[in-house]
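Here is a short report on one protein chain. The sections move from strand pairing to selected residues, then to charges and surface.

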Amino acid sequence: MMKVKYGQKSYSVYILLVVAVLVALALLPFFRVDSVVQCRGFVCSNADVSSSVSVGVVKCGDEVSQLGDSVASLMAECYVSPSDVSLVAVGQHVTLHYDGFDYRQWGFGNAEVVDVGDSLHVIDSCPVFVVKCRLLDVSLKHGNGMEAHIVEGLLFTGYVSVANKSLLRLLVD
């Protein structure tokens, strides 16, 4: 049978462990964590033509489409669940991961919330609120220098930054 001798080396290990824990606790307020709301959506035109055209009826002079390649006229339309819509506000930052582009190679797009819808819509038998965002990036750049322009119809997964809290605040809450 072996006997374990507790000596001065074991105390130094405990002291080192206590010092490491104290340093970690001291740095805890400096580690920041983003709380996000995930949503799906697509890039669409800024023109709101649905309000001027009734369902199935088009009159002379009604605008049914807009032509043009101005990126300033592109918006991101996100669908947010009813449980998360109360966390979204105008001016919040949105990170867009486009389905057609691998975000690890192409990066991601940026947008800003400009309108939070107040009426509930049912899309694919799921209740959602429509949140409109202004695109801040007009293109994505690949690591090898290629550039892809954002066009109407691109699908994306959006992440709305709701809160940026320290790890200590998250542990306390």
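## Strand pairing

Strand β3 (residues 93-98) and strand β4 (residues 109-123) pair in the antiparallel sense over four bridges. Two strands count as paired if DSSP finds at least two bridges between them. His93 has Glu112 in β4 as its bridge partner. β4 also pairs with strand β5 (residues 126-135), again antiparallel, over nine bridges. In that pairing, Leu120 stands opposite Phe129 in β5.

This is a predicted model: local features need pLDDT of at least 70, side-chain atom pairs count only at pLDDT 80 or more, and totals for chains, interfaces and linings use all residues. Residues are numbered from 1 along each chain as its sequence is written, and side-chain values use heavy atoms, with hydrogens and water left out.

## Overall layout

The chain has three helices and eight strands. Their order from the N terminus is α-β-β-β-α-β-β-β-β-β-α. Helices (H or I, at least four residues) and strands (E, at least two) are DSSP runs, numbered from the N terminus.

Of the 173 residues, 26% are buried. Buried means under 20% relative accessible area, exposed means over 50%, and partly exposed lies in between (1.4 Å probe, protein chains only). Among contacts between residues at least 6 apart in sequence, 71% join residues at least 24 apart. A contact means heavy atoms within 4.5 Å.

## The β4-β5 turn

β4 and β5 form a hairpin with two residues between them. Asp124 is in the loop between these strands. Its phi is positive, about 55°, although Asp124 is not a glycine. Asp124 counts as exposed, at 70% relative accessibility.

Ser125 is in the loop between β4 and β5 as well. Ser125 is not a glycine, yet has a positive phi of about 60°. At 67% relative accessibility, Ser125 is exposed.

Is Gln92 buried or exposed? Gln92 is buried, with a relative accessible area of 14%. It sits in the loop between β2 (74-80) and β3. Its side chain reaches the backbone oxygen of Leu87 at 3.3 Å. A polar atom of the Gln92 side chain also lies 2.8 Å from the backbone nitrogen of Ala89. A polar contact is a pair of N or O atoms within 3.5 Å; within protein, one must be able to donate a hydrogen and the other to accept it, and residues adjacent in sequence count only if both atoms are side-chain atoms. Not counting residues up to four places away in sequence, Gln92 touches Leu87, Ala111, Glu112, Val113, Val160, Ser161 and Val162.

Phe129 is in strand β5 and is buried, at 15% relative accessibility. Its C-alpha atom is 5.8 Å from that of Gly117, 12 residues away along the chain. Beyond neighbours within four places in sequence, the contacts of Phe129 include Cys78, Tyr79, Val80, Pro82 and Val85. Thr95, in strand β3, is buried with a relative accessible area of 15%. Outside the four places on either side in sequence, Thr95 is in contact with Phe108, Gly109, Asn110, Thr157, Gly158 and Tyr159.

## Salt bridges

Side chains of opposite charge can pair when their charged atoms come close. A salt bridge here is a side-chain nitrogen of Lys or Arg within 4 Å of a carboxyl oxygen of Asp or Glu. The count is four. One of them joins Asp99 and Arg40 (2.7 Å, N to O). Asp99 lies in the loop between β3 and α2 (103-106) and Arg40 in strand β1 (residues 32-45), so the pair ties together parts that are 59 residues apart in sequence. Asp99 is partly exposed at 45%, and Arg40 is partly exposed at 38%.

Glu77 and Lys132 form another salt bridge (3.6 Å, N to O). This pair links distant parts of the chain, with Glu77 in strand β2 and Lys132 in strand β5, 55 residues apart. Glu77 is buried at 13% relative accessibility, whereas Lys132 is partly exposed at 25%. Arg104 and Asp102 also meet in a salt bridge (3.3 Å, N to O). Arg104 is exposed at 67%, and Asp102 is partly exposed at 28%.

## Surface

The chain exposes about 12,000 Å², and carbon and sulfur atoms supply 60% of it. Accessible areas come from the Shrake-Rupley method with a 1.4 Å probe; for residues, only the protein chains shown count as cover.
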